[in-house]
Amino acid sequence: MDFLSIQNRARFLDIWKKASKDESLEGEEALFGKIMIEHSEFHSLFNLGEAAFEIDFAGRREINPFLHTSLHAVVEQQLASHNPQEVEQAVQATLARGETLHEAIHRISGILAEVLFEAVQKNRPIDESLYLKKVQDLIA
């Protein structure tokens with residue numbers, strides 16, 4: 001694993017230590033801590049501490065909790081900033097169909113993951129119009 005990945009995971013684990021002990025977090029760290037606490041399915045991995053640095057999620061069936069938390073945070077930040085508006089509209093439409101806010105965020109973060117994956121695979125910039133189109137499909 002490269003230095004940047006280790007550094008990112010170390011930051012996550014530092015946030016996890018504080019969040020799991022209900023210590024004060026602010027700003028982006030508070031958002032990440034809240035998301036990490038909400039995802040109890042990842043707690044055992046976060047509790048591994050530095051041993052989690054060695055896990056390579058590429059090609060595995062299990063979800064990468066670090067990536068999942070990051071994507072979840074991006075969507076929550078988009079909602080908080082009301083930008084893009086399509087994200088907020090998609091959440092409202094999803095809620096109107098009886099899904100929870102958490103489920104709506106997961107739907108949108110899944111779309112974001114697809115668009116990001118495609119950009120990486122094709123070595124191209126992120127196609128924002130594709131992201132917005134797929135998000136708009138949730139509104140209909």
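1. Helices here are DSSP runs of H or I, at least four residues long, numbered from the N terminus. A pocket is an open set of points on a 1 Å grid over the protein atoms alone, where a 1.4 Å probe fits, with protein on both sides within 12 Å along at least five of seven lines; lining residues have an atom within 4 Å of a point.

2. Please keep in mind that this is a predicted model, where local features need pLDDT of at least 70 and side-chain atom pairs count only at pLDDT 80 or more, while totals for linings use all residues. Residues are numbered from 1 along each chain, and side-chain values use heavy atoms, without hydrogens or water.

3. Back at the largest pocket, 17 residues form the lining, and N64, L67, L71, A113 and F117 lie nearest the centre. Both α4 (65-81) and α6 (101-122) supply at least two lining residues each.

4. Next, look at E99, in the loop between α5 (85-96) and α6. Leaving aside residues up to four places away in sequence, E99 touches T94 and R107 (contact means heavy atoms within 4.5 Å). The side chains of E99 and R107 also make a polar contact at 2.9 Å; this term means a pair of N or O atoms within 3.5 Å, where one must be able to donate a hydrogen and the other to accept it, and residues adjacent in sequence count only if both atoms are side-chain atoms.

5. Finally, E128 is found in helix α7 (residues 128-139).
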